[in-house]
Every structure is written in structure tokens, then in C-alpha cells.
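The structure is shown first, and the description follows.

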Amino acid sequence: MRILFMGTPEFAVPSLEALVAAGHEVCGVFSQPDKPVGRHQNKLQPTPIKECALAHNIPVFQPVKMRDGTALAQIQALVPELIVVAAYGRILPDDILACPPKGCINVHSSLLPKYRGAAPINWAVINGDTVSGVTIMHMATELDAGDIIAQESTEIGPDETAEELYRRLSILGADLLVQAVSAIEAGLAQRTPQNGEEATLAPMLGKELSPMDWSRTAHALHCQVRGLLPWPVASTDKLTGENIKVYRTEETGDKTQAQPGTVLAAGKQGIDVACGEGSVLRITELQAPGKKRMKAADYLRGHPIAVQSQD
């Protein structure tokens with residue numbers, strides 16, 4: 001099938017690779033504009049999907065706007081039968097949605113209608129979900145509200161980070177996409193309307209989500225740490241006198257009567273902190289201001305922390 005692909009980050013790469021490997025004619029790739037990088041912001045970093053497309057000699061288009069007619073004209077000139085979108089990061093206007101005869105489909109990293117929006121993987125982990133998955137759906141005017149073609153679920157590991165789940169779901173989504181495109185090509189694709197009453201939102205992440213509230217349980221904080229990777233990263237300024245980023249934690253299973261935020265232990269295993277409901281969280285990997293990410297034990301060698309006696 002003649003397909004126009006739209007995507008930007010690493011998540012989209014397996015989907016594009018899978019379509020090419022399946023023998024489809026990918027006539028073009030749309031990706032967001034390259035971003036300036038470096039100290040002086042004088043170099044442009046191509047998006048992961050652009051690099052993938054160029055490696056396959058697929059023409060790349062990077063429109064700044066989607067509603068001024070330029071993108072529509074480019075799409076019409078490519079004459080795609082189907083548009084496939086995977087983490088493009090732009091909302092498609094109705095005239096583009098109506099352009100290809102077989103429609104536009106999207107690879108979404110949640111089990112819709114749960115977690116519509118920009119950060120479904122992160123919010124699934126932050127909220128402590130034990131199951132996630134991917135959905136292939138027909139695109140509609142309303143964000144992530146189109147009819148479902150196919151879904152596949154997967155368990156979220158108890159210590160799995162959003163970053164790790166992101167990589168797994170990108171592969172799962174690519175495999176499911178190829179199956180869905182084959183069904184569309186054969187005229188056998190299902191259309192299951194979503195139940196809008198069951199919809200939940202997964203808005204963009206912001207730095208305001210980073211501070212750790214030690215009155216919450218160790219489990220809730222463990223989910224926060226896992227879910228805010230790779231950005232904006234959980235943080236705390238209550239333990240060491242400086243604002244540290246927290247990258248890895250463990251639920252110890254211990255119980256304590258100490259006040260939340262109390263440091264109970266600090267040594268080779270990490271930094272144990274009292275949390276809500278008498279639970280205990282161990283910080284095992286962190287980053288101090290101006291320093292590299294490191295094991296908590298390595299940090300403690302140069303930054304000893306006072307421990308409250310448990311007598």
C-alpha cells in the first residue's frame with residue numbers, strides 16, 4: 001500500500017521500519033522541524049524519524065504549520081492511500097484527515113479510551129497501573145477519540161520505568177500496526193467506537209510534577225520516580241540541603257514510626273527515607289546539582305547525611 005508516515009521521536013522509528021520491512025511503499029515522511037542543540041544552539045539535530053527515513057531514501061517533509069495549506073498541498077502531491085501517524089506531535093486538521101482514501105490511522109501508546117493525550121506512558125506508570133498497551137485507531141477530529149482497529153496489552157513491571165516501557169511499547173505498536181495495515185488493505189479492518197464516558201486524559205508533563213512529597217506512600221513515590229523518566233525527573237530538597245534529582249528507588253517493605261521525610265539509613269544500599277503510612281523508600285540513584293547521575297552510595301562518600309537514631 002502507498003503510505004505517508006508521520007512521526008517524530010524514537011517511539012515512531014520501529015513503526016516506520018516495520019512498514020518498510022513489510023513491503024509497503026512509504027511515499028514520504030512528515031516530521032517536526034529539527035531542533036537547535038549545543039551550547040550556542042547553532043546546530044540542528046534531526047529528529048529520529050527523519051534519520052530513519054533518510055536511511056531508507058524516503059523523502060522528508062517538515063512543515064512548520066499544518067493549517068496554512070502547505071502541508072495539505074504536499075500530501076496531495078504524494079497521493080497516499082493511507083496516512084499512518086505515530087507520535088508526530090501535531091494535530092491534523094480535518095482537510096488532511098479527509099485526504100487519503102483509506103483514511104488516517106494512529107499508533108497510540110495506551111489502551112484507549114484510557115489516557116488520551118500527550119504522555120500516556122508516563123501517566124500509566126505515575127498512577128501505578130500494572131497494565132498498559134497500544135491501540136491502532138482511525139483518527140478523528142477529537143484528540144485520540146477515533147474508532148479502534150486493534151489493541152494489545154502488556155504488563156508493567158513493578159520497577160519498570162516509563163523510559164523502559166516506552167521502548168517496549170514502540171515495538172509492540174510496530175507489530176500491531178503492520179497487522180492493522182494488512183487488515184485495512186484487505187478491507188477486513190474492524191471499527192470499534194470508543195466509550196467516551198471511560199476516557200481519561202494524559203496531559204503533557206511539567207517540572208511542577210517533580211517535587212516528592214514524603215507524606216505520600218513509598219509505593220506512590222516509587223511510581224512517581226519511575227514515571228517521570230527521562231523528563232522532568234522526580235526531585236527533593238528535603239534530605240541533603242540541595243535539590244537532588246532522583247532516578248532510581250526501591251520499596252523496602254519496611255515499616256517505621258518516624259516522621260515522613262526522615263532519613264533512616266544512608267550507606268552502601270542507598271538512602272532510606274520514611275514515607276506516608278509508615279512505609280520506607282530507598283533512593284539508589286540520584287543526581288546532585290552540577291554533578292553527573294550516580295549511585296546513591298557514591299554520592300554519600302562525599303556528602304554524608306545525618307541519620308535519625310531508631311532506638
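## Terms and basis

A residue is called buried when its relative accessible area is under 20%, exposed when that area is over 50%, and partly exposed in between, with a 1.4 Å probe and protein chains only. The model is predicted: local features need pLDDT of at least 70, side-chain atom pairs count only at pLDDT 80 or more, and totals for chains, interfaces and linings use all residues. Residues are numbered from 1 along each chain as its sequence is written, and side-chain values use heavy atoms, with hydrogens and water left out.

## Domains

The domain assignment, which is automatic or taken from a database, divides the chain into domain 1 (2–202) and domain 2 (207–302). The centres of domain 1 and domain 2, taken over C-alpha atoms, are separated by 34 Å. Their contact (heavy atoms within 4.5 Å) takes 14 residues from domain 1 and 10 residues from domain 2.

## Nonpolar cores

A nonpolar core is a set of buried Ala, Val, Leu, Ile, Met, Phe, Trp, Tyr and Cys residues joined through side-chain atoms within 4.5 Å. The largest such core has 64 residues, and those with the most contacts inside it are Phe5, Leu16, Val84, Ile105, Val181, Trp214 and Ile271. Helix H6 (residues 162–185) gives the most to this core, with nine residues; helices (H or I, at least four residues) and strands (E, at least two) are DSSP runs, numbered from the N terminus. Domain 1 (2–202) and domain 2 (207–302) both give residues to this core, so the core lies between them.

Val84 illustrates the packing. Apart from neighbours within four places in sequence, Val84 is in contact with Ile3, Leu4, Phe5, Met6, Leu19, Ile105, Leu177 and Val181. A second, separate core of 17 residues includes Phe30, Met66, Ala71 and Leu72. In soluble globular proteins, nonpolar side chains tend to be buried together.

## Helix H2

Helix H2 (residues 48–55) has Ile49, Lys50, Cys52 and Ala53 buried. Seen down the axis of H2, these buried residues fall within an arc of 160 degrees (taken from the directions from the helix axis to the C-beta atoms), so they line one face of the helix. An α-helix has 3.6 residues a turn, so residues three or four places apart point the same way.

The cover over the buried residues of H2 includes strand E1 (2–7), helix H1 (13–21), strand E2 (25–30) and strand E5 (60–61). Just after H2, Asn57 takes a positive phi of about 60 degrees.

## Annotated binding site

An unreviewed UniProt entry places the feature "binding site" at Ser110, Leu111, Leu112 and Pro113. UniProt positions are given in the numbering used here, feature names are shortened, and annotations may be inferred rather than shown by experiment.

Ser110 is located in the loop between strand E7 (104–108) and helix H5 (120–126), and is buried, with a relative accessible area of 1%. Beyond its neighbours within four places in sequence, Ser110 contacts Tyr115, Pro120, Gly133, Val134 and Thr135. Leu112 is in the loop between E7 and H5 and counts as buried at 4% relative accessibility. With residues up to four places away in sequence not counted, Leu112 touches Thr135, Met137, Asp144, Ile148, Gln151 and Gln194.

## Salt bridges

A salt bridge is a side-chain nitrogen of Lys or Arg within 4 Å of a carboxyl oxygen of Asp or Glu; by this rule the count comes to 12. One of them joins the side chains of Glu142 and Arg116 (3.4 Å, N to O). This pair links distant parts of the chain, 26 residues apart: Glu142 is in the loop between strand E8 (131–138) and strand E9 (148–155), and Arg116 is in the loop between E7 and H5. Glu142 is exposed at 52% relative accessibility, whereas Arg116 is buried at 8%.

Glu164 is partly exposed, with a relative accessible area of 23%, and Arg248 is partly exposed, with 28%. Arg282 forms a salt bridge with Glu250, with the closest N and O atoms 3.7 Å apart. Arg282 is in strand E14 (residues 280–287) and Glu250 is in strand E11, 32 residues apart. Arg282 is buried at 13%, while Glu250 is partly exposed at 37%. Glu250, Asp272 and Arg282 are linked in a network of salt bridges.
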